[in-house]
Amino acid sequence: MITLSQVSKSYSSEVNIGPVDIDIPAGGITALVGPNGAGKSTLLTMIGRLLAVDSGTISIAGHDVASTKGTELAKVVSILRQENHFVTKLTVRQLVGFGRFPYSKGRLTAEDEEIISKYIDFLHLRELENRYLDQLSGGQRQRAYVAMVLCQETDYVLLDEPLNNLDIAHSVDMMRHLQDAARSLGRTIIVVLHDINFAARYADHICAVKDGHIAAFGSVQQVLDDDLLTDIFNTPISVIDGPNGPIACYH
């Protein structure tokens, strides 16, 4: 599991995260939700050691994030941030191949090439593998980035708003791929989502963040509560039963 113990981060007198104490179980998808500025992405980047904590400890599968060697941690957890600044004159296959760097150090073996092909197929990118990134649609490019992260073959995968700039159809497609990765590949996926209903439909656990603190954590049924969501998102929300589970309705 992922354990955060008394984790805090201060940007200024007005922006503070924590202290946060939470155990995120291994397996399935855990969605981080909450209003803008709540601290979702900050928590994710601290878990992935892209941002240092001011105090407290974070461990992933027993590995202390702060003290574990980077080369070892890269075989335990992978992370995809919102901002991706890869050179556009990379092909899809070249991009996905970056996921093998912790193992190959840039010298791809035949085994690496097989693994790259596996994740290109898993994300249905075979017809696009020789295209350059700037020749892809937003949804296709996002699938390529996720394939790269999965190609790192870590048990823990952190994704910061992978649905950003995707339309409904591509968002559904992406969440289905992530659900498949969690179930068929045995990955633990932590994902920052803006839409509570995507979290309700596809996540196994929901962690709601507000003002830098954990406002709620539990199953979809536990977190999708009228009063709880209304308080977290600062707007009236009613939860109704939908054909595939609870749905949050905004007034």
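## Strand pairing

Leu 4 faces Ile 22 of strand 2 across the pairing with strand 1. These two strands, residues 2-10 and 16-24, run antiparallel and are joined by 6 bridges. Strand 1 also pairs antiparallel with strand 4 (residues 55-60), through 5 bridges, and here Thr 3 stands opposite Ser 59. Strands (E, at least two residues) and helices (H or I, at least four) are DSSP runs numbered from the N terminus, and strands pair if DSSP finds at least two bridges between them.

This is a predicted model, in which local features need pLDDT of at least 70 and side-chain atom pairs count only at pLDDT 80 or more, while totals for chains, interfaces and linings use all residues. Residues are numbered from 1 along each chain as its sequence is written, and side-chain values use heavy atoms, without hydrogens and water.

## Nonpolar cores

The largest nonpolar core holds 57 residues, of which Ile 189, Ile 206 and Leu 229 touch the most other members. Helix 6 (residues 138-151) gives the most to this core, with 8 residues. A separate, second core has 25 residues, including Val 20 and Ile 190. Such a core is a set of buried Ala, Val, Leu, Ile, Met, Phe, Trp, Tyr and Cys residues joined through side-chain atoms within 4.5 Å, where buried means under 20% relative accessible area (1.4 Å probe, protein chains only).

Beyond its neighbours within four places in sequence, Ile 189 is in contact (heavy atoms within 4.5 Å) with residues including Gly 28, Val 157 and Leu 178.

Definitions and conventions
Buried means under 20% relative accessible area, exposed over 50%, partly exposed in between (1.4 Å probe, protein chains only).
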